[in-house]
Amino acid sequence: MAELMQPRIVLGQPPADAPHTQVAVVGAGACGLVAGIALRDAGVDCVLLERDAQPAGSTALSSGFIPAAGTPMQMAAGIEDAPARFAKDISAKAHGRAAKHLVQAYSQEIPAILTLLSSKNAIEFIVLDGFLYPGHSVRRMHAVPQKTGAALIAQLERAATAAGVDILTQATVREIYVQNDADGYAGDAPHIIGVGYQRPDGRMEYLRCDALILACNGFGGNTAMVRELLPEMQDALFAGHAGNDGSAIAWGKQLGARMADLGGYQGHGSWAVPQGALISWALMMEGGVQLNAKGARFHDETQGYSEAAVHVLAQPGGVAWNVFDGAILELARSFPDFVEAEKAGAVKTCADAHALAALIGCDTTDVIATLNDITLTLGLKPVKNGKLKRYSDKRVFKRALLEPFYAVKVTGALFHTQGGLDIDAQCRVLDQRGMPFANLLAAGGAARGVSGDAVWGYLSGNGLLSAVAGGAIAARTASKMVAGPRT
């Protein structure tokens, strides 16, 4: 493969013979695909430019769960919820530091787009049952029946293709062409007129457009940017997509765009090693615990899996053990990702506390003390021969863990960033003065999200919320920007 060019802004025209589309979309992950579907629904021509051989992005590596409130799927499951309640949960998780205009816009938009994808595009969504993810006051995680991000992407790609969306793969956008007021545009803000994209052999091709949506990436895969902006994660394993190279931010800086929430990101404290697989946090929410190399708990697991990444990385060796029992194992086996991890040997069986301690490599009495902490909280009889070493959090356990125990060795990982180009409620990119660019939009990983500026602000599902709701809003805005729909 040819060496990739650095992202750059080009003042001037693309080649005269470059084809034209009304809206160009950089990226064909969930954000780009939803944008494409919405654009075609509005009768607008669009082309999605995807760097990979097939659409995937961060979505395909995720669990594929989309939070939404007030959907027909929730109503059918007897769940009472509303966008305002969802918005309150998002804001509470971020301690009030999430962008209020986006919290409002996304929580209001997401039920409508999921309903549309279900009714018009034949994508079936179910509401996950049995447990709550950290920070959500009711069950609102929507998934396709297969419960994987890869399956979600496949369904969105099918729907986009059926809607007439043009998806150009193996096309890595590296150049954005702009003109300013000297070329006939009002104001002094650059006006996007096209893009240049690189093929695997290094050849450049070009596309003219009337509006541009950046639905491409964050910067989790850019080591230098992570070191600068997220120093606590500079040594963490990156479990996201390689396309998260910070291109959107690079273009934005060259254009004079404003950035926001660059300290926000989604970590995960449950990445199985050495298997390299995501272990669902549902195990923790249903009563599992994380133990360090000394056999002790070290944080309140119910606070969230994102901040858990930092806690795990701070432990000896940067690892921990997810410990649970047979009842939780059965729940875990309802998730395809967990099943694959179990097949790969990630799940270890321990007959009792002595075997668990031997697996971890710690003193048996320390493991027993941790188990006592749980049983004493429940008012149950302690495990014999255990010394009391209570953990200071106020977690209320549903029940004691029962023998045999099961354990998975995990580390903390960086999944995707939650900061980027600053945008308004219509997903228009803003300049340093807070004024929107004429025809440049961003959503998903390219833009600021709704998690504030710190790891603990991430509410489960915020990434796909921003991608799906943001993609739909950006498409609606772009459709109003272009000269007029053409079919």
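The questions and answers below concern a predicted model.

User: In the open sheet formed by 3 strands, which strands stand at the edges?
Analyst: The sheet is open, its strands run in the order β4-β6-β5, and the pairing is antiparallel. Each of the edge strands has a single partner strand, so one side of each is left without a neighbour in the sheet, and these strands are β4 (66–67) and β5 (126–127).

User: Which residue in β6 is the bridge partner of Pro67?
Analyst: Strand β6, which covers residues 141–143, pairs with β4 in the antiparallel sense over 2 bridges. For Pro67, the bridge partner in β6 is Met141.

User: Is Arg448 buried or exposed?
Analyst: Arg448 lies in the loop between β21 (436–442) and α15 (462–481). Buried means under 20% relative accessible area. Because its relative accessibility is 13%, Arg448 counts as buried.

User: With which side chains does the side chain of Arg448 make a polar contact?
Analyst: Leaving aside neighbours within four places in sequence, the residues in contact with Arg448 include Ala99, His101, Leu102, Asp261 and Asp422. Its side chain makes a polar contact at 3.1 Å with the side chain of Asp261, and another polar contact, at 3.0 Å, with the side chain of Asp422.

User: Which residue follows α8, and what is its phi?
Analyst: Helix α8 spans residues 247–255, and its buried residues are Ser247, Ala248, Ile249, Trp251, Gly252 and Leu255. The helix is followed by Gly256, whose phi is positive, near 85°.

Terms used: Residues numbered from 1 in each chain as written. Predicted model: local features only at pLDDT ≥ 70, side-chain atom pairs only at ≥ 80, totals over all residues. Heavy atoms only, no water. Pairing = 2+ DSSP bridges. Helix = DSSP H or I, 4+ residues; strand = E, 2+ residues; numbered from the N terminus. Buried < 20%, exposed > 50% of the residue type's maximum accessible area, 1.4 Å probe, protein only. Polar contact = N/O pair within 3.5 Å; in protein donor to acceptor, adjacent residues only side chain to side chain. Contact = heavy atoms within 4.5 Å.
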